[in-house]
Amino acid sequence: MAARFLEKKKREGAGKYYLVDALMLRSGLIMPYRGERYYLKEYSRNSSRGPRELFNLRHASLRNAIKRAFGVLKKRFPIISSLTEPSYGVETQKLIIFACCILHNYLRVADPNDELLAQVDAELMNDNDVHEEPPNPRESNEEFRRGELIRDGMTADMWANYQV
């Protein structure tokens, strides 16, 4: 649902948004609300109690889906997760990832390997890598306010749709 919301905002001309967890809030970087529940495990028994928790739940769900997809790709194609300095240019690196995605989608149909998914899911269940870092004082206060307005607008829209 969060992905559809972000895509809708993008079509409406609101721009691109990137999910982040520990960077300074800016107009294109959407981070969760600090001081609110965030991890998916925290929601297993209690549903969202307010708009900020709902936003954080959807942020965490979407971020988890993205991490799961890249986790499976990295396990299936080690070239993506290589720790050595890439000897390919940025454009070639993009094409490698694109080709890996196409091959992965083909293999999911021709020869599904649910063991990879299970491994990545197990790793994600133990993943608590949201780090609360203080905002960078060198960042523009105006940029922070713009990011806050965008996130608060998304939150209000999500809550209104959730209430219906």
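Guide: Happy to. A salt bridge is counted when a side-chain nitrogen of Lys or Arg lies within 4 Å of a carboxyl oxygen of Asp or Glu. This is a predicted model, in which local features need pLDDT of at least 70 and side-chain atom pairs pLDDT 80 or more, while totals for chains, interfaces and linings use all residues. Numbering runs from 1 along each chain as its sequence is written, and side-chain values use heavy atoms, leaving out hydrogens and water.

Searching the whole structure gives 4 salt bridges. One of them joins aspartate 121 to arginine 68, with 2.7 Å between the closest N and O atoms. This pair ties together distant parts of the chain, 53 residues apart: aspartate 121 belongs to helix H4 (residues 114–125) and arginine 68 to helix H2 (residues 51–76). Helices are DSSP runs (H or I, at least four residues), numbered from the N terminus. Aspartate 121 is partly exposed at 29% relative accessible area, and arginine 68 is partly exposed at 33%; buried means under 20%, exposed over 50%, and partly exposed in between, using a 1.4 Å probe and protein chains only.

Next come glutamate 91 and lysine 94, bridged at 3.2 Å, N to O. They sit 3 residues apart in helix H3 (residues 90–110), so about one helical turn separates them. Glutamate 91 is exposed at 53%, whereas lysine 94 is partly exposed at 48%.

Arginine 151 is buried but has no salt bridge, and the nearest side chain of opposite charge, aspartate 152, is 4.3 Å away. For this count, Lys and Arg are positive, Asp and Glu negative, and His and the chain ends are left out. Arginine 151 does reach the backbone oxygen of proline 32 with its side chain, at 3.2 Å. Other buried residues of H5 include Glu143, Gly147 and Met158.

Finally, the geometry of H5: its 23 residues (141–163) should span 33 Å, and the end C-alpha atoms are 32 Å apart, which agrees. The expected span is 1.5 Å times one less than the number of residues.

Note on methods
Helices (H or I, at least four residues) and strands (E, at least two) are DSSP runs, numbered from the N terminus. A polar contact is a pair of N or O atoms within 3.5 Å; within protein, one must be able to donate a hydrogen and the other to accept it, and residues adjacent in sequence count only if both atoms are side-chain atoms.
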